[in-house]
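Please read the following note beside the sequence and the structure.

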Amino acid sequence: MTSVHADVGEVLIDQDTLRTRVEELGAEISVDYEGRDLLLVGVLKGAIFFISDLMRELTVPCEIDFMAISSYGAGTDSSGVVRILKDLDRDIAGRHVLIVADIIDSGLTLSWLRRNLESRQPASLEVCTLLRKPDAIMVDVPVRYVGFDIPNEFVVGYGLDYAERYRDLPFIGTLHPAVYS
Ligand code: IMP
Ligand code: MG
């Protein structure tokens, strides 16, 4: 078999597995938020495909908004420095907010974002992340929904990038070490 992509080392989560899990999460969230007015807050840019697929699985009415925060440069290590590049369009006071994130690595970004949104007094605030690296966690972040726990390796695809590339890959995979050097 030829390689799926020359720069990809290994496919960790294929397209079918992603789709099935997103369907499951959508069903679970729909039950949990029954009768409540849900606001999805997507964390740009890594969560773009996840949030758009997830939103279409929900059977409860929901709105969507986005935040762009920067915690990394072009590299693969967390600096812990968080900066708002784009804030929410609307006030979230009194809203049931679900943060939709691509990945929890050190947890620093989500921990900061959680505190930031909490201070705006939403009615409720939960986190849904597609991926989590349990071995990389530095700060504990309460997370209600997790798509997949993965090994402590740098991954790309389905929205996740390395230096802004590979977001368009339809699966989650690792990169050949040669790509980093
Ligand atoms: P944390 O603050 O260390 O949890 O990092 C969160 C952010 O770092 C994510 O939203 C991603 O943008 C980026 N990130 C962390 N790990 C990876 C990875 O394996 N691949 C791509 N981006 C990652
Ligand atoms: Mg990135």
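In which sense do strand 8 and strand 9 pair, and over how many bridges? Point 2 gives the answer.

1. Basis of the note. This is a predicted model, in which local features need pLDDT of at least 70 and side-chain atom pairs count only at pLDDT 80 or more, while totals for chains, interfaces and linings use all residues. Residues are numbered from 1 along each chain as its sequence is written, chains are lettered from A and ligands numbered from 1 in the order in which they are written, and side-chain values use heavy atoms, with hydrogens and water left out.

2. Strand 8 and strand 9 (residues 172-175) pair in the antiparallel sense, over two bridges. Strands here are DSSP runs of E with at least two residues, helices are runs of H or I with at least four, and both are numbered from the N terminus; two strands pair if DSSP finds at least two bridges between them. The open sheet has three strands in the order 1-9-8, with antiparallel pairing. Strand 1 (8-13) and strand 8 (155-156) are its edge strands, each pairing on one side only.

3. Strand 5 and its partners. Strand 5 pairs with strand 2 in the parallel sense over five bridges, and V97 in strand 5 is the bridge partner of L39. Strand 5 also runs parallel to strand 6, to which eight bridges join it; there, R132 of strand 6 is the bridge partner of I104. Nine of the nine residues of strand 5 are buried, so this strand is largely enclosed by the rest of the structure. Buried means under 20% relative accessible area, exposed means over 50%, and partly exposed lies in between (1.4 Å probe, protein chains only).

4. The nonpolar core. The largest nonpolar core contains 26 residues, and I29, F50, L98, L131 and I172 have the most contacts inside it. Helix 1 (15-32) gives the largest share of this core, four residues. Such a core is a set of buried Ala, Val, Leu, Ile, Met, Phe, Trp, Tyr and Cys residues joined through side-chain atoms within 4.5 Å. In soluble globular proteins, nonpolar side chains tend to be buried together.

5. The ligand. Ligand 1 is surrounded by 16 residues, of which D102, S106, T109, K133 and V155 are the closest; a residue is near a molecule if one of its heavy atoms lies within 4 Å of it. Strand 5 (96-104) and helix 3 (108-118) each supply at least two residues of this shell, and the largest share, three residues, comes from strand 5. An oxygen atom of ligand 1 lies 2.5 Å from an N or O atom in the side chain of S106, and an oxygen atom of the ligand is 2.8 Å from an N or O atom in the side chain of K133.

6. N116 is found in helix 3 and counts as buried, at 19% relative accessibility. Its side chain makes a polar contact (a pair of N or O atoms within 3.5 Å; within protein, one must be able to donate a hydrogen and the other to accept it, and residues adjacent in sequence count only if both atoms are side-chain atoms) with the side chain of R120, at 2.7 Å.

7. Backbone points to inspect. The peptide bond from L44 to K45 is cis, with omega near -5°. Y158 has a positive phi of about 50° although it is not a glycine; this residue lies in the loop between strand 8 and strand 9.
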